[in-house]
Amino acid sequence: MSVGVEILEELNGGSNSITLLVKDLRNSVPFVRKLGKGESGAKLLEQANWLKRNSSTINVPKIREVISRNGTFVLDLDWIEGALPLDLHLRQLSPADAAACVNEVVSYSRTLPVVNSITPDWSRLIEEKVRHKLLHCIQFDSRLKPLLLGTITLNSQRLESPLNIIEELQKIYPSFFELQREQLDLHGDLTFENILVKNGKFYFLDPNPGNIVSDWTVDGGKILQSLHSQYELLRVQGSFVQEGLEYQAEFPSSYHFRNVLNEFEIVINANFSSIDWLSFYVHEAIHFTRLLPYRLIQEPERFPLYALKMRELFGQLPARFEKWFK
């Protein structure tokens, strides 16, 4: 490495990379060091390039150094000392103020450079990020097939396969899936964990560029993953019981964030089209599916809870489409 360091703490850095808070032994200045090999190293290179491209448009950690040595990729970033994760910041605000804050965060996505304006490739997105991810889980454990792809009952509601649901929606509402949208140089992973707040400024961490679909509502879907399906809470709370293909699940829910979500919906519908809000929910369900193989490896005992939340999100989509296309 370029400088001697002392490891202070291991951080949650995403991209399957190792993320460390370290101290420069020359001057005792703390900074973040991310390390990856192979695919995770390539992801770090994509992150570094995205941070460079967008540092003049939005607030991002300053790159200290980028190193590639002996098959290991290293990305050193400034440590934003004293910053709060977005979820903690929002808990300090009223629901209305928190919703305005979330809207400001999502609005940053609309300021990013336009790559092109095309009809999103929904077929490829669904194939690679829904079907492929579900089959990957089933290949890992074939016993998961009924849970992921079968018809089940969840909290007394009958749910068809998520693939059948999205395919049926494409047939019934082709105008939604054929809508041309500006594709942006998107962050791609705009969850609460990846946003810090300091002195009224938002700092965007751990981008996931190069998405198949990259209009601004993709980042909106990631925000809903934190605000609506409350993915971060699901990692530590919630339970389920199973009897055959019938499930009863208790998903964690923050009363404050439910109120923030209601206020946020008002803000979005006042400033944008209802199609944008609907697109948020579609991308939320797809994003949640993308996470399943990772969660299966990391938390096999809690995996059914994540899978059931995914089934619930897809199961809610037909009613959402029907409401907005009345």
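Tutor: A residue counts as buried when its relative accessible area is under 20%, and as exposed when that area is over 50%. Keep in mind that this is a predicted model.

Student: Is R295 buried or exposed?

Tutor: R295 is found in helix α11. Its relative accessible area is 6%. The cut-off for buried is under 20%, so R295 is buried.

Student: How far apart are the C-alpha atoms of R295 and C137?

Tutor: Along the chain, R295 and C137 are 158 residues apart.

Student: How are α11 and α12 oriented to each other?

Tutor: Helix α11 covers residues 274-298, and its axis lies 9 Å from that of α12. The crossing of the two is left-handed. They pack at an angle of about 165°, and angles over 145 degrees count as roughly antiparallel. The relation of α11 and α12 is therefore roughly antiparallel.

Student: What span should α12 have, and does its end-to-end distance agree or disagree?

Tutor: Helix α12 runs over residues 303-324, which is 22 residues. The expected span is 1.5 Å times one less than the number of residues, so α12 should span 32 Å. Its end C-alpha atoms are 32 Å apart, so the two values agree.

Student: Where in α12 is the kink?

Tutor: The kink is about 30°. It comes shortly before the proline P318, at L317.

Student: In β9, what is the bridge partner of I152?

Tutor: Strand β8 spans residues 152-154 and is joined to β9 by three bridges. The two strands run antiparallel. The partner of I152 in β9 is L159.

Student: In β11, what is the bridge partner of L84?

Tutor: The three-stranded open sheet has the order β6-β11-β12 and antiparallel pairing. In it, β6 (84-85) is an edge strand with a single partner strand. Two bridges pair β6 with β11, residues 195-198. The partner of L84 in β11 is V197.

Conventions:
Residues numbered from 1 in each chain as written. Predicted model: local features only at pLDDT ≥ 70, side-chain atom pairs only at ≥ 80, totals over all residues. Heavy atoms only, no water. Pairing = 2+ DSSP bridges. Helix = DSSP H or I, 4+ residues; strand = E, 2+ residues; numbered from the N terminus. Bend = angle between axes of the 7 residues up to and from the residue. Axes fitted to C-alpha atoms, helices over the stretch in contact; angles between N-to-C directions. Parallel < 35°, antiparallel > 145°, perpendicular 65-115°, else oblique. Left-handed = near helix turned anticlockwise from the far one by under 90°. Buried < 20%, exposed > 50% of the residue type's maximum accessible area, 1.4 Å probe, protein only.
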